Amino acid sequence: MVRIVVVGFGSVGRAFARIVALKKRAIESRYGVTLNVVGIADSKGMALKSDGFSEYELLKLSEVPRSGVNMFSPYAHNFVDLGYMYDHVQPDIHVELTPSSYVDGEPGLSNILFALNRRTHVVTANKAPLVLRYGELMDIAKKNSVQIRFRSTVMGGTPLIDTVMSLRSEDVERIEGILNATTNFILSEMHDKLIDFDEALKRAQVLGIAEADPSLDIEGVDAAAKLVILSHVIGRNIGLNDVRREPLSKIRLRDVVEAIKEGFVIKYMVHLDVQRGDAWVRIVRIPRSDAFAQINGTLNAVRIRTDTGEILFVGKGGGGIETAHSVLDDVIAIALSIEGGRR
Amino acid sequence: MLRSGKDYIEVAEKVRDVFLDRGFRPIIVVSASKGVTDLLIQVAKGHRGALDEVERRYMDIALEIGSAKLIRRVEEELKKLRRITKSIEEADAALVDYIVSYGERISKIITVQALENMNIHAFELDACSVIITNDVHGDAVIDYPATAVALEKVYSVIKDRNYVPVIEGFIGRTPNGIVTTLGRGGSDYTATAIAALLKLDKVFLVTDVEGVMTTDPDLVPTAKLVRYMSYVEALEASMYGTKGINPKAFEPLEKIFSSKVLIGSWRLFGTTISRDIPESLRGPKVIMIKDTVDYSYIAIVGEGVSEAKFVRDVLDIVISRGIEIKGLQSHIHRPSIVLYVDKEQGVDILKILHKALFEKG
């Protein structure tokens, strides 16, 4: 039995709880590992159950109001204290789902450091701690003989990170692509409906694709952060400030119309030239025949050029359900290694 | 019809008494509270007052059911709805669907809490995660293969557990994740699609009346309950405007699996609709009248009514009572005949025919 705590309980956390509830038995029979969620924390409180929440309890936890884990009696606590949580439920895996802050990486950074120092494996969907302190976190994990996995942080709907990690003999020369679902949706709307940026953004917000505060997306921070994580995975280690960013909000409808007239489409793309260390997020005109021109709506795509060829990944960029599945993939991978070790 | 907190509590009690206590394992499909869908359409057109009314209705219901968790959940959903409507001037079809979907969503949250208050293990099943449709906003069609995959995953978990899933009717989503709605009466369509895809035995459509009536009881007080109908009869009747039957709802039952449909109220599910009916039950089921500008038409629906013998019987009645008709119509393969009559005499003729066809002893 593998004991899991979930820290941060927004849309991804809730989707994760539901998926575990619905797939727990299938995972047991397919992989022989029993996933037991023993603790959940949000910003206001915690729910702890040391013998694990039942499937029904997990479904009901996913229905509590925002910041309402402390309403889940009789397992609720009106405070958040990771030390208390760990002492009570002794987790094997810490799932970190708090929101990203690129200023200091908190609260995710402290949470992950806490987990690693308690020799607990970490799965994170929170990018900021990795972006700001990748090397240090990996070193601590290694020192404490635990894993830190983060497949959901870049193109969560695909095994991109795992694949890039597995390119051990190839040299990655260039990474380019569309790495942010919100901005790609906005651009698709501008092209399809010929509406201006503000209106497209509003639509994205109304449809729940963009956040109420979309600045991380439209200023390119989210896409840049993903590029930084990819650079770390291939050992190139660029910093967030090394990525030159052009905000998407500069785009005007007339730019789109002109591009269409001339046979182009406009995309918001990331680029990393590994040799030159050149990294940027930029508004780019690409020919209509380019593969990236077909990537619309909330789809994302990445092309990785290595010294042996090119790999193209296409998949859903964001979404609570997709991200939660990637988190669960990481959890299962760790669970298998733990159970394998125990056997 | 869900109007007040009391109605939701009644639903929960009836689910327990009528289904759970008798060993049924229901999946509950909910509609929006009465009138809310129309109000939300107004909201999408920019009428802010309509949103106040939606808020008032749902908050009243939440307060009546009384759970701190429920009140906060409903408040959260209403807050999101208010934010959405604040930021748009005029909604296109996709946004209308998204706004309208809140009616069912909040109703689902309330229903789950009402069931939970009775110690029933209910949980929210998101229509947007299992009902996959095409992108025709306002009148979307369910993609059966895609929906089957999503549904079976959930069903495999709940089928041997005492969990009661509650899902929004009328709502779906495109493969790209955009919310759609299934058109008027879409909740019935959701229910029959789920039943057909999961090969469930029965679909209970809960309405205000005890079943399908032989005719409009407001026009003919002696109207009777129709006990049994076939799908084709129900479909035909719905095309002539019979209340309580949504033509789309029969498609999954025809194409995929023939669950029985029971229409009625909590007191009595008076009408059973199945794929086939025995030979002895062939014959007229429903008679109804519709006015056009120049004349009225009276449609008689039932398997076998377009056969010569039945047509002759009807004509005998018409002639023996000295009724003048302007025309008679029947189509091959359709279980109906239509009589065109003078508008002034329409209701009287309806009464005569109803008496002759349905009130024999």
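Predicted model: local features only at pLDDT ≥ 70, side-chain atom pairs only at ≥ 80, totals over all residues.
Student: Before we dig in, what ipTM and pTM does the predictor give the complex?
Tutor: The ipTM is 0.84 and the pTM is 0.89.

Student: And what's the mean pLDDT of chain B?
Tutor: Chain B has a mean pLDDT of 92, with 100% of its residues at 70 or more.

Student: Which elements of chain B have the lowest and highest mean pLDDT?
Tutor: Helix α7 of chain B (residues 144–158) has the lowest, at 90. Strand β1 of chain B (residues 28–30) has the highest, at 97.

Student: OK, helices. How do α4 and α5 of chain B pack?
Tutor: Helix α4(B), residues 68–87, and helix α5(B), residues 93–116, pack at an angle of about 180°, and their axes are 10 Å apart. That angle is over 145, so the two count as roughly antiparallel.

Student: Which residues make that contact?
Tutor: From α4(B), they include L70(B), V74(B), L78(B), L81(B) and I84(B). From α5(B), you get Y98(B), I99(B), Y102(B), I106(B) and I109(B), among others.

Student: How do they divide into nonpolar, polar and charged?
Tutor: The contact has 11 nonpolar, 2 polar and 6 charged residues. R73(B), E77(B) and R105(B) are also among the residues in the contact.

Student: Switching to sheets. What's the strand order in the open sheet of chain B?
Tutor: It goes β6-β8-β9-β7, 4 strands with mixed pairing. The edges are β6(B) at 202–206 and β7(B) at 228–230, each pairing on one side only.

Student: How much are neighbouring strands turned against each other?
Tutor: By 20° on average, ignoring direction.

Student: And β8 with β9 in chain B, parallel or antiparallel?
Tutor: Antiparallel, with 3 bridges joining β8(B) (260–264) to β9(B) (271–274). For a landmark, look at V261(B), which stands opposite I273(B).

Student: Which helix lies across β7, β8 and β9 there?
Tutor: That's α9(B), residues 231–239, and it runs at about 85° to β7(B).

Student: Over to chain A. Where is H271(A)?
Tutor: H271(A) is in strand β10(A), residues 264–273.

Student: Buried or exposed?
Tutor: Buried, because its relative accessibility is 13%, and the cut-off for buried is under 20%. Leaving aside neighbours within four places in sequence, H271(A) touches R174(A), I175(A), E176(A), L227(A), D278(A), A279(A) and W280(A).

Student: What does β10 of chain A form with β11?
Tutor: A hairpin, with 4 residues between the strands. G277(A) sits in the turn with a positive phi of about 70°. The two strands run antiparallel and are joined by 10 bridges, and F264(A) has P287(A) as its bridge partner.

Student: Which other strand pairs with β11(A), and in what sense?
Tutor: β9(A), residues 243–245, pairs with β11(A) in the parallel sense over 3 bridges. There, R245(A) partners V281(A).

Student: How many residues of β11(A) are buried?
Tutor: 7 of its 10, so β11(A) is largely enclosed by the rest of the structure.

Student: What about phi of S67(A)?
Tutor: It's near 50°, a positive value in a residue other than glycine. S67(A) is in the loop between α2 and β4 of chain A and is partly exposed at 24%.

Key:
Residues numbered from 1 in each chain as written. Chains lettered and ligands numbered in written order. Heavy atoms only, no water. Axes fitted to C-alpha atoms, helices over the stretch in contact; angles between N-to-C directions. Parallel < 35°, antiparallel > 145°, perpendicular 65-115°, else oblique. Contact = heavy atoms within 4.5 Å. Nonpolar A, V, L, I, M, F, W, Y, C, P; charged D, E, K, R; others polar. Pairing = 2+ DSSP bridges. pLDDT = per-residue confidence, 0-100. Buried < 20%, exposed > 50% of the residue type's maximum accessible area, 1.4 Å probe, protein only.
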